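These are my notebook entries on one structure. I recorded helix packing, backbone geometry, ring pairing and model confidence.

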Amino acid sequence: MSPSVELLGPDIATGAVLTNHASPAQATSEAFPASSMPPLPFVRIPAGGGSPQTIGEGQRVKLLPGNYAALMVKRAGVLILQPGNYSFSSAVLEQSSRVVALTSSASGAAGVVHIRILGRLTANAKVAIGLIDQKFKKPVDASYLKLSVYGADAGDGVAGKSAAYFGPGSRIHALVAVPHGTLWLEKGASALGAFAAFDIAVRDGVDIGFQGGLPKNVTKEQGSQQLAGYVVPSNMKLATIVGPIPADATIQLAIGLPVRAPPGKPTLKKFIRSVSDPMDPDDPSKVNPNFRHYLTQADFIATYGASSDDYDALRQWATNSGLTIKTTFASNLLLSVSGTPAQIEQALHVYLVLRRRFDGGSYVSVDREPSLDLSTPVLHISGLTSYIKPQHALVNGTGGTFSNGPSYRAGDLRAAYLGAGFFGAMCSKLDGTGQVVGIVDFDIFNPNDIAAYDGLQIPQIPNNVSVAVTEKAFNGKPLETTLDVSMVQAMAPGASVLLFQGNSGITLHLDDIFHSMANSVNPLTVASSSLIFRESDNTQQALDQMAAQGVSFFTASGDYGDVGDPQNNLRMDNQTLVGGTILSTKPLTAGLPAPSYPNNFFAGLSYYGGETAWNVGTLGSKNRTGGGVMDGSSKVGLSISGSILDNGPGECNDFIIKFCGGPVQIPWYQIAVQTNPNNANGGSTTSRNYPDVAMVADNIEIFFGSLSGASGTSAAAPLWAGFTALANQRSVAAGGTTMGFLNPTIYDIGQTRGTARDLYVSTFNDISDGTNNFNGFGNGFPAVAGYDLVTGWGSPTCNLLIQLATPAPLTNVMPLVLLEITIGTGNDDLRDDSEAKATITVQADANFPERSFDVTLHPSGSGAWQAQVVTISGLAVPNPGPQVTLSSPVKSVTITLISHNNQETDDNWNITSVGVDAYNPGTQHVCQINVAGNANLDGDTGLVRLTGEVPSATFAAGGC
């Protein structure tokens with residue numbers, strides 16, 4: 001039984017050969033039974049050394065059980081072993097030497113002889129290793145002698161360099177395990193027992209017989225705490241073994257402990273919801289009293305961090321296992337350690353191997369589920385597999401012109417997303433001062449590139465960027481880092497940007513870096529990631545901690561369009577997933593060197609010209625905004641390598657079947673939009689849909705050695721992070737706090753779309769151009785009105801920033817800047833020569849006292865009003881001054897008749913109804929006053945009769 005078999009001679013007879021690959025090709029009874037094969041026997045390395053043992057030429061020596069250094073048995077020497085455990089650092093048996101295992105001692109006690117060789121075993125020609133029953137002198141079963149060789153091959157493992165080598169004519173009667181190297185049987189050798197090795201080479205004339213058998217499960221080879229979920233795919237044909245981990249490699253592990261469930265306190269999951277949702281989770285009709293009542297780092301550690309006793313026990317276990325403690329974290333939720341492969345294997349009772357990826361590379365894998373001798377429960381250990389290869393998710397502007405045309409600089413991006421709207425001037429003044437934005441990446445930016453980018457902007461951006469945590473660079477190509485940092489600075493030039501750069505070596509996990517962010521000495525307020533990597537329970541706990549502490553986390557949704565379930569870090573909770581758009585803008589009113597943008601809300605001018613979903617170039621490339629359904633069905637091999645690989649017909653194929661997680665349950669904040677009967681986005685009502693929001697992902701200028709164009713959702717995520725830093729700044733300045741996990745608030749705002757309290761229409765740019773994010777893998781989804789699986793709810797406006805920065809973001813603070821008055825006239829008309837005016841009173845607000853202003857409804861000489869309804873629109877509410885909002889409506893309107901007596905008598909005017917609406921350009925009208933009457937008005941029926949003696953009437957808000 002072997003994944004592959006190569007027969008090196010012409011005269012080889014075998015029984016059934018169970019294999020996936022045979023050379024030369026031959027009939028096989030069945031494939032290699034990978035799923036039913038036990039792992040290679042585990043070899044426990046004993047502690048201690050001992051002295052070397054040399055058996056002279058022709059000598060006979062009896063050795064007691066124990067730990068020894070190197071063993072040398074000279075020509076024709078005989079080594080006699082009694083029942084018990086022996087360990088040697090290495091063993092060389094010269095020609096015709098013998099190793100005899102006694103199955104009973106001189107006292108008559110029967111037992112097994114177990115020889116463990118930590119290095120290599122070299123047995124030369126005609127060596128014999130076997131059993132003798134000293135007491136009864138009868139045939140002995142091979143299971144009484146166990147020979148375990150822990151060492152690896154030297155070089156390519158050919159004859160004489162293999163981990164366990166048996167020369168020509170040698171004989172062995174034992175159960176043999178060589179888990180890390182080759183078991184080589186030379187010409188004419190004979191072997192009786194059971195044999196398991198990483199590789200087995202059998203030469204001409206070798207006779208092998210089975211006896212005894214290696215045990216499938218040995219309890220003492222496992223630790224007291226069994227873990228699960230780490231094994232490699234069952235289909236070895238598609239994930240073939242490349243070789244053992246190099247003995248001199250350094251393996252970095254991140255060992256997580258679960259958060260506490262403190263008595264009398266909500267679980268962490270419930271706490272995060274309670275502080276993230278403006279609506280009361282128990283009664284959505286009420287305001288949530290716990291909204292944005294976050295924990296400080298110290299409070300989080302005291303409430304949800306692992307106990308000191310548990311953390312100390314974990315540290316002691318790591319030290320006792322020979323591992324080096326690399327980093328500790330204040331939350332006690334993660335311990336970062338490193339060790340050699342041998343140390344890791346012994347500590348976790350596993351073997352580490354390298355397996356083949358589809359892309360030709362290799363990844364680290366364990367051969368069995370790990371276990372450890374620790375009573376403290378462990379949440380997860382990252383670093384035991386690296387099958388998901390981390391990767392970067394990769395006009396009328398003032399930037400340079402590149403392959404995709406003109407590009408945008410910082411001033412352009414701020415003008416597009418902050419300059420428009422009633423609050424445009426207010427938003428444009430914000431710069432993120434006082435906010436700390438964390439960026440996570442594999443590489444470190446070149447400071448000269450950041451300085452050059454900052455110097456190109458108008459005005460120049462202060463360099464507030466520093467490296468908080470750093471390890472060895474991943475690939476020395478910091479394009480992603482440069483883009484991320486530049487985009488945060490572009491949107492929030494006054495914010496401090498901290499880079500958390502990490503690389504955990506060949507096992508490629510990022511737990512350490514995320515926990516460094518959660519426990520940053522300079523606490524973060526916002527964070528962003530444009531990386532794709534394997535989801536991890538440990539990283540999830542770091543995201544949870546940040547959400548509990550009020551940190552908003554943004555992650556790029558990927559650049560391959562609809563890939564089904566991405567099967568990577570996007571599946572984790574408490575992060576906002578950001579898609580990409582193509583931004584259109586209107587011509588500048590003045591160009592460089594002093595650019596000016598057409599942003600005048602009251603004049604109807606805006607630099608922002610609209611957006612479409614980012615979808616460019618040829619199919620199968622990184623050129624489409626990521627979005628879809630996390631239903632457990634991966635349609636591509638995106639998670640497996642840096643190159644996109646089609647894995648088959650819309651499901652996890654055999655290669656990653658073991659790694660495909662199940663569906664991600666739809667989060668509570670998506671249920672309402674997805675179960676709405678008018679929903680047309682094609683998403684799921686049971687699984688997580690993504691992205692959540694979007695922002696520009698194309699035609700971005702950065703400085704990377706020289707001026708360069710950049711694209712991808714990797715730009716959109718840090719832009720959202722910068723935008724949120726501005727909202728934080730405004731909120732904190734008003735005595736509030738940070739935004740925290742934004743999805744519940746964003747989806748609550750989205751749910752007001754089309755209602756009388758529509759917040760969505762003014763706070764988001766709804767991208768509904770119908771563009772599909774099909775990229776040759778999944779079926780794709782269209783960009784439709786409202787929420788969709790291409791651009792989420794869309795991109796932000798200045799109004800969203802203002803709305804988010806209030807303590808009650810679902811209470812509309814957006815002014816309704818235009819009024820519309822509708823007046824019904826009865827049979828007694830308003831004459832042509834008369835004038836009518838309205839005095840509108842607006843309630844006091846937080847910034848201004850109550851104020852009234854006059855508007856002319858009917859100028860003299862503008863024709864008579866008789867038995868008709870007249871509407872006067874576009875009446876602007878003066879600014880500065882108190883504003884009309886949903887929570888602060890118009891207080892009253894007074895209508896006054898002014899007769900000019902051109903006909904020698906005062907005019908009389910029967911008014912049958914009065915209506916006042918407030919609105920913004922292009923939005924739904926909001927009723928302020930709606931009154932009608934049936935009073936007797938001198939033979940007419942209506943509301944009031946204005947005359948020379950009673951020229952005015954006041955109507956209070958209401959009736960809507």
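**Entry 1. H1 against H10.** I looked up which residues join these two helices, and found Leu268, Phe271, Ile272 and Val275 of H1 meeting Asp544, Ala547 and Ala548 of H10. By class, I noted 6 nonpolar residues, no polar ones and 1 charged in the contact of H1 with H10. Helix H1 covers residues 268-276, and its axis lies 9 Å from that of H10, at an angle of about 40°. H1 and H10 are therefore oblique to each other.

**Entry 2. H9 against H10.** I next took up helix H9 (residues 511-518) and its packing on helix H10 (residues 537-548); their axes come within 9 Å and cross at roughly 15°. Angles under 35 degrees count as roughly parallel, so I logged H9 and H10 as roughly parallel to each other. H9 passes H10 in a left-handed crossing. On the H9 side, I listed Asp511, Phe514, His515, Met517 and Ala518 as the residues that make the contact. On the H10 side, the contact is made by Asn538, Thr539, Gln541, Ala542, Leu543, Gln545 and Met546. I found that the residues of the contact of H9 with H10 divide into 6 nonpolar, 5 polar and 1 charged.

**Entry 3. H11 against H13.** I then turned to helix H11 (residues 668-675) and helix H13 (residues 743-750), whose axes are 9 Å apart and which pack at an angle of about 20°. That angle makes H11 roughly parallel to H13. I recorded the crossing of H11 and H13 as left-handed. Which residues of the two helices meet? From H11 I noted Trp668, Tyr669, Gln670 and Val673, and from H13 Asn743, Pro744 and Tyr747. The contact of H11 with H13 has 5 nonpolar and 2 polar residues, and no charged ones.

**Entry 4. Backbone geometry.** I looked up two cis peptide bonds. The bond from Leu592 to Pro593 is cis, with omega near 10°. I placed Pro593 in the loop between strand S39 (576-585) and strand S40 (608-613). The bond from Tyr690 to Pro691 is also cis, and its omega is near 5°. I located Pro691 in the loop between strand S42 (688-690) and strand S43 (693-696). I also checked Asn574, which has a positive phi of about 65° although it is not a glycine. Asn574 is found in the loop between strand S38 (552-556) and S39.

**Entry 5. Aromatic pairs.** I noted a count of 20 aromatic pairs. I examined Tyr68 and Phe88: their ring centres are 5.6 Å apart and their planes stand at 20°, so the pair is stacked. Tyr68 lies in the loop between strand S5 (66-67) and strand S6 (71-73), and Phe88 in strand S8 (residues 84-88), so the pair ties together parts that are 20 residues apart in sequence.

**Entry 6. Confidence.** I looked up the confidence of the prediction last. The mean pLDDT of the protein chain is 86, and 87% of its residues reach 70 or more. Where does pLDDT stay under 50? I found this over residues 637-658, for which the model has 64 contacts beyond four places in sequence.

Methods. Residues are numbered from 1 along each chain as its sequence is written. This is a predicted model: local features need pLDDT of at least 70, side-chain atom pairs count only at pLDDT 80 or more; totals for chains, interfaces and linings use all residues. Side-chain values use heavy atoms; hydrogens and water are left out. pLDDT is the predictor's confidence in each residue, from 0 to 100. Contact means heavy atoms within 4.5 Å. Axes are lines fitted to C-alpha atoms, for helices over the stretch in contact, and angles run from 0 to 180 degrees between N-to-C directions. Helices (H or I, at least four residues) and strands (E, at least two) are DSSP runs, numbered from the N terminus. Angles under 35 degrees count as roughly parallel, over 145 as roughly antiparallel, 65 to 115 as roughly perpendicular and the rest as oblique. A crossing is left-handed if the near helix is turned anticlockwise from the far one by less than a right angle, and right-handed if clockwise. Ala, Val, Leu, Ile, Met, Phe, Trp, Tyr, Cys and Pro count as nonpolar, Asp, Glu, Lys and Arg as charged, and the others, Gly among them, as polar. Rings of Phe, Tyr and Trp (its six-membered ring) pair if their centres lie within 6.5 Å; planes under 30 degrees apart count as stacked, over 60 as edge-to-face and the rest as tilted.
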